[in-house]
Amino acid sequence: ASLSPPPPRHMSAPPSSSPSPAPIPQPAATLAPAGMRGAAAEDSSGSPPSRMSEDDDDGDGAGGGDRWAPDLRGCGNGGGGGGRWAPPDQVLENVLESVLEFLTAARDRNAASLVCRSWYRAEAQTRRELFIGNCYAVSPRRAVERFGGVRAVVLKGKPRFADFSLVPHGWGANVSPWVAALGPAYPRLERICLKRMTVSDDELALIPKSFPLFKELSLVCCDGFTTRGLAVIAEGCRHLRVLDLTEDYFHEEESEVVDWISKFPECSTSLESLVFDCVSVPFNFEALEALVARSPALRRLRVNDHVSIEQLRRLMARAPHLTHLGTGSFRSEPGPGGALSVSELATSFAASRSLVCLSGFLDANAAYLPAIYQVCANLTSLNFSFAGLTDEEFIPVIRHCVNLRTLWVLDTVGDEGLRAVAETCSNLRELRVFPLDATEDSEGSVSDIGLQAISEGCRKLESILYFCQRMTNAAVIAMSENCPDLLVFRLCIMGRHRPDRITGAPMDEGFGAIVMNCKRLTRLSVSGLLTDKAFAYIGGHGKLIKTLSVAFAGNSDMSLQHVFEGCTRLQKLEVRDSPFGDKGLLSGLNYFYNMRFFWMNSCRLTVKGCGDVAQQMPNLVVEVMKENEGEMDTVDKLYLYRSLAGPREDAPSFVNIL
């Protein structure tokens with residue numbers, strides 16, 4: 001989003017081609033909002049949400065309702081003739097707002113808001129989804145004053161490195177000020193999506209009280225809430241269609257668990273998606289079974305590891321039209337009649353002909369995997385990232401998955417498993433290979449052999465995340481040549497400064513080939529033994545890169561300088577455990593205002609260098625964190641981001657805002 005101020009007041013909408021326009025009747029069109037489901041932001045294709053344009057505002061950006069239209073014929077106050085007439089500029093605004101209702105792309109909306117002040121107002125009045133990529137980048141008050149007709153809010157909190165436990169506990173990103181501001185401003189709000197934020201039960205309780213038409217709640221990588229908060233949502237949100245809890249951090253004693261599933265309405269519900277595989281505590285299965293039975297629109301269901309295959313079969317019988325299923329434990333818990341047979345489970349899967357996405361397998365018994373063969377040919381997405389399957393267990397399954405477009409697996413499938421993927425899944429678009437053991441000295445079961453096989457067999461690949469311990473330049477170069485349509489390339493060599501395993505050379509040429517041959521690349525993660533040469537390649541050819549992650553790489557501050565000067569569209573830069581210091585940091589002074597954030601962890605920064613940035617760029621927020629109080633001048637973590645709100649007020653004691 002642009003940080004430019006709104007256009008000057010003398011700018012206006014393009015004038016009419018007629019020098020003396022006749023009065024035009026005010027059109028009957030209104031500003032009735034397009035429904036959430038009808039907007040492109042809710043497109044099932046997964047298009048990214050609109051981003052909020054962080055432009056200045058003079059307070060008239062929000063609002064709506066009826067407008068005052070003067071009587072241009074001088075017939076008011078006793079004059080003859082009735083009717084109301086609008087000036088030409090007013091008509092243009094009405095028409096513009098009607099057109100902007102169909103403008104959903106974030107970049108297009110942000111550009112429209114910068115044309116002139118009337119466009120700025122019209123864009124604000126017609127925006128239905130508000131995206132805040134950093135909860136500290138703008139104040140809640142400023143956001144709600146500008147955008148008055150919002151129906152959906154997407155809000156992100158902690159930096160992404162929080163996923164790797166690199167952001168200290170208690171750092172911030174509490175949702176409370178946002179909930180307090182959204183309630184009075186948006187009584188018709190229907191959807192909230194929060195990512196990496198701290199959400200308490202009391203804040204969840206405000207949702208049904210503040211938003212009577214509320215329909216969708218998604219919490220991704222959030223913490224702070226318990227089953228008590230979920231119970232309030234289930235009971236109070238009578239129009240709820242989506243409750244998705246994804247990779248949230250959930251800690252609750254069993255003695256304090258609330259039976260939240262039974263709080264859903266006892267009548268027929270509007271539920272379309274229920275995801276709670278991360279909620280690790282037991283729940284009332286009979287209540288869930290009854291809920292599924294009275295939710296005819298339910299299409300997505302992902303349950304936790306307290307669901308056995310016997311219970312899973314009962315749920316599938318209640319919801320034969322599911323398209324997305326998270327299986328739970330995928331392990332038998334025999335009852336009085338004995339364990340469920342593979343053929344019985346296979347019959348249930350055969351009846352679920354609508355399934356296209358399968359996940360779960362949280363504690364899988366591989367002996368039951370043949371039961372899913374019946375649906376494999378229809379699957380476009382398969383997630384085995386919690387199932388430590390060997391290649392012997394994985395290959396028979398993947399041989400049936402000829403139409404897969406998305407695959408997540410653990411590295412336990414080995415290079416042979418990836419070779420089977422390459423031979424079977426020619427339409428694959430996204431592959432993620434996670435480590436079973438993420439420590440630096442782990443052995444790892446996949447290598448350059450698996451990566452090269454994937455590049456040769458899955459030539460339509462657009463996104464790859466690949467954790468390994470051993471890699472070669474040749475395999476990375478082959479990936480760049482065979483998969484030129486890559487948008488995302490994230491290669492994580494977990495050991496520090498690992499060179500080409502065959503030649504012993506740095507990995508410079510491999511990553512150089514990626515940025516040279518993959519012309520559409522927007523996200524890149526680099527690791528291994530890399531010199532400044534690799535970063536010169538990235539700066540010279542990575543012109544579309546928006547997100548760059550660097551780990552254990554580089555050999556001087558010139559690496560950062562190459563990136564800042566060359567990657568002109570860079571929005572997010574994350575660096576950890578690399579030899580970059582104050583000189584590299586200061587080389588970005590001319591570029592920080594164009595970035596959303598810059599994170600550095602365990603590098604060679606000093607308080608003085610960070611202070612120089614803060615002094616020269618007063619509109620940036622510069623946060624520094626130190627783990628060892630005895631080292632007065634060193635900085636362990638730096639988080640630098642642009643903000644219209646200035647320094648935050650909820651910083652903990654271990655965060656120093658310069």
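1. What is the volume of the second largest pocket? The volume is about 450 Å³. A pocket here is an open set of points on a 1 Å grid over the protein atoms alone, with protein on both sides within 12 Å along at least five of seven lines. The volume is the space filled by probe spheres set on the points.

2. A word on the source. This is a predicted model, where local features need pLDDT of at least 70 and side-chain atom pairs count only at pLDDT 80 or more, while totals for chains, interfaces and linings use all residues. Residues are numbered from 1 along each chain as its sequence is written, and side-chain values use heavy atoms, without hydrogens and water.

3. By class, the lining has eight nonpolar, eight polar and four charged residues. Nonpolar covers Ala, Val, Leu, Ile, Met, Phe, Trp, Tyr, Cys and Pro; charged covers Asp, Glu, Lys and Arg; the others, Gly among them, are polar.

4. Now the whole protein. There are 20 helices and 23 strands. Both are DSSP runs: H or I with at least four residues for helices, E with at least two for strands. Of the 658 residues, 53% are buried, meaning under 20% relative accessible area with a 1.4 Å probe. Take the contacts (heavy atoms within 4.5 Å) with a separation of 6 or more: 73% of them join residues 24 or more positions apart.

5. Look at helix α6 (residues 201-210) and helix α7 (residues 227-236). They pack at about 5°, with axes 8 Å apart. So α6 is roughly parallel to α7; that term covers angles under 35 degrees. On α6, the contact uses D201, D202, L204, A205, I207 and P208. On α7, it uses R228, G229, L230, V232, I233 and G236. Seven of the contact residues are nonpolar, two polar and three charged.

6. Next, helix α16 (residues 508-517) and helix α17 (residues 532-541). Their angle is about 5° and their axes lie 8 Å apart. That makes α16 roughly parallel to α17. From α16 come D508, E509, G512, V515 and M516; from α17 come K533, A534, Y537, I538 and H541. The classes are five nonpolar, two polar and three charged.

7. Which residues of helix α18 (residues 558-566) are buried? They are S559, L560, V563, F564 and G566. These buried residues pack against α17, β18 (547-551), β19 (572-576), α19 (582-586) and β20 (597-606).

Methods. Axes fitted to C-alpha atoms, helices over the stretch in contact; angles between N-to-C directions. Parallel < 35°, antiparallel > 145°, perpendicular 65-115°, else oblique. 1 Å grid on protein atoms, 1.4 Å probe; cavity = no way out; pocket = protein on both sides within 12 Å on 5 of 7 lines; lining within 4 Å. Buried < 20%, exposed > 50% of the residue type's maximum accessible area, 1.4 Å probe, protein only.
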